[in-house]
Amino acid sequence: MKRMVTRMKAAVFVSKGVLEIRDVPKPSPKPDEILLRVKACGVCATDVHALYGGESISGRDPFPLIPGHEFTGVVEEVGKDVINVRVGDKVAVDPIYNCGQCYFCQTNQENHCEHLEGPGTTVPGGFAEYVAVPAYAALKFEKLDFDEAALMEPLATVIYGQERARIQYADNVLIIGAGAIGLLHLQLAKASGTARVVVVDLDKAKLDRAKALGADAVFQQRIEPSSPDAAKLGIASRQRDAILDFSPMGYDVVIEATGVPGVVEAGVRYLKKRGRLLVFGVAPHHSEIRLNPYDIYRNDWEIIGAFALNRTAVQSLSLLEAGIIKAKPVIGKQYKLEELGEALQALAQGRADGKLQILF
Ligand SMILES: [Zn+2]
Ligand SMILES: [Zn+2]
């Protein structure tokens, strides 16, 4: 029988700065894949870096690319070997497509798979009417709306980050940046038995949302090195401010959620002894920071990275389904596929009022 619909609408990153909505062939699932009819897909800083910077996690030129890695949808078709989902199921997608055979896969570090592929980063993603997905990456959900469940991926990255930063009971945590990611970090830290969670941003409206989601204090303040020599002069020269006065010995964990290199540089001045700085925001691929190695040595500091997610998708979806992490207050403006360019501009220019999403 001839398939009725063989074409679909998709956003395509054609080359640096060039985005087109195109009519492209509808994918058909391989035996171990499902075909998903996309319902919601989040817009992420990674998409901004890909379109405007030509940057990709693979290190290769990403173009042309159907972007989008934070999506949910309805199973439209299943390949003959698929056993975990059925047509009609609602699913979210873990975007770590790993080989299962390399050293990193064999040591439970799938996010560092040597043959890592990802929807919307190296293979076609969710800013399209349909997308083919390996069945092992599909996670069913019941109660959530499609836009809420589309927070599964960003929350899974936040869970992985906080695992890496070893958030512990009674920790004081400072989160720099109150965008969607900062608000997810806030909710997860609060749910993890921390003592105080403090959020800093420049935007009053974002801080109001942080306050409503349980921040113990919020500060409207720019975080930047106090002088060009700040790193050289070291921690002994740090000036106190209201953020430090709130936790006078400093913070056990500082989470950088802006992607601005200078914020990483300045963030260390809020660390307690044995403090851990989580570098979470996606900085431009070619940038640099200055840190004082004596301070790192003398204070037992840790500077911790956390790339993407690693087997944290199930936990993420469970926390969302249980309502422990509230999705709706984190979601910002929602757009149509044709408006993706507008949404990317808003995110790039710091005008996002929460997680921006495309709805279908
Ligand atoms: Zn993302
Ligand atoms: Zn691998």
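How many salt bridges does the rule find across the interface of domain 1 and domain 2? I looked, and the count is zero; a salt bridge here is a side-chain nitrogen of Lys or Arg within 4 Å of a carboxyl oxygen of Asp or Glu.

**Ground rules.** I'm working with a predicted model, where local features need pLDDT of at least 70, side-chain atom pairs count only at pLDDT 80 or more, and totals for chains, interfaces and linings use all residues. Residues are numbered from 1 along each chain as its sequence is written, chains are lettered from A and ligands numbered from 1 in written order, and side-chain values use heavy atoms, with hydrogens and water left out.

**Domains.** I noted domain 1 as 7-151 + 327-359 and domain 2 as 158-305; such bounds come from an automatic or database assignment. Their C-alpha centres lie 29 Å apart.

**Interface.** I found eleven residues of domain 1 in contact (heavy atoms within 4.5 Å) with twelve of domain 2. About 990 Å² is buried between them, 61% of it from carbon and sulfur atoms; that is accessible area (1.4 Å probe) lost on putting the two parts together, summed over both.

**Zinc.** I checked the zinc ion (ligand 2) and saw that Cys 99, Cys 102, Cys 105 and Cys 113 coordinate it through their SG atoms, at 2.4 Å. Donors are N, O and S atoms within 2.8 Å of the metal (3.2 Å for Na, K and Ca). In sequence the donor residues are spaced C-x2-C-x2-C-x7-C.
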